[in-house]
Amino acid sequence: CLPTIVGQNLAGIVSVMWLYVVLTALVHFWGRAVRGQLKPFSHYGLAVPRQKGGWWMAVKEVSAGMLLGITLLCMLLFAQLFSGAAIWAPSCTPQASALSSSQFLSVLRAEVARVCESGLVGLAVAGVEELVFRGWLQQEAEISLGSRKAALLVGMVFSVVHRDAGASLGLLALSLLLTQARRASQQASLWK
């Protein structure tokens, strides 16, 4: 069973979130101090469009990106499951028929908390990773290497940072696909 945020998992979550806050601050500092950008987050792709329907367009774009990311992650997970690189562990939640109504509500409340916690942490991690990998690192690498070589370098760094040797090729492919999706949303193909 995975512990909830009020359990022993709190220290790990706070540590990861602090790391991502520091990374975000460093990206902002780099954009301002090194590249002279007045709005570094906008420069690296984290901005609300200013045209008509700006917020609505941003919500649609983020939703489409999240859907694509979830789809690609599911494909990676299924590839790992079918290749034997990962196994599916059954849920540790007791059978609903074996619980009293108060126990059922307690388990339900814990499961909802876990889903909300996972969703919030997932959104935060995905947002910062996109800012760092497809925003800052991609653009910095493109200055010296060009877009294709930069995409490969960023993909390799992305797969190494995630420390999963069994999924490294899948993570490289995921990074390349996410880079291409970002380029497509900006009407600038990576492969031109």
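The request and a connected reply follow.

Me: Please examine Arg-134 closely: in which helix is the place of Arg-134, and which residues does Arg-134 touch, not counting residues up to four places away in sequence? Please then describe how the helices around this part pack.

Reply: This is a predicted model, in which local features need pLDDT of at least 70 and side-chain atom pairs count only at pLDDT 80 or more, whereas totals for chains, interfaces and linings use all residues. Residues are numbered from 1 along each chain as its sequence is written, and side-chain values use heavy atoms, with hydrogens and water left out.

The chain has 6 helices and 0 strands; helices (H or I, at least four residues) and strands (E, at least two) are DSSP runs, numbered from the N terminus. Of its 192 residues, 24% count as buried, where buried means under 20% relative accessible area, exposed over 50% and partly exposed in between (1.4 Å probe, protein chains only).

Arg-134 lies in helix 4, which spans residues 101–145. Arg-134 counts as buried because its relative accessibility is 1%. Its side chain has a polar contact of 2.9 Å with the side chain of Glu-130, and another, also given as 2.9 Å, with the side chain of Ser-175. A polar contact is a pair of N or O atoms within 3.5 Å; within protein, one must be able to donate a hydrogen and the other to accept it, and residues adjacent in sequence count only if both atoms are side-chain atoms. With residues up to four places away in sequence set aside, Arg-134 touches Glu-129, Val-154, Phe-158, Ser-175, Leu-178, Thr-179 and Arg-182, a contact being heavy atoms within 4.5 Å.

The axes of helix 5 and helix 6 (residues 168–185) come within 8 Å and cross at roughly 135 degrees. Axes are lines fitted to C-alpha atoms, for helices over the stretch in contact, and angles run from 0 to 180 degrees between N-to-C directions. The two helices are therefore oblique to each other; angles under 35 degrees count as roughly parallel, over 145 as roughly antiparallel, 65 to 115 as roughly perpendicular and the rest as oblique. Their crossing is right-handed. A crossing is left-handed if the near helix is turned anticlockwise from the far one by less than a right angle, and right-handed if clockwise. By class, this contact has 9 nonpolar, 6 polar and 1 charged residues. Ala, Val, Leu, Ile, Met, Phe, Trp, Tyr, Cys and Pro count as nonpolar, Asp, Glu, Lys and Arg as charged, and the others, Gly among them, as polar.

The crossing of helix 1 and helix 4 is left-handed. Among the residues in contact are Tyr-20 and Trp-30 of helix 1, and Val-128, Glu-129 and Trp-136 of helix 4. The residues of this contact divide into 14 nonpolar, 1 polar and 3 charged. Glu-129, named here for helix 4, is also one of the residues that Arg-134 touches.
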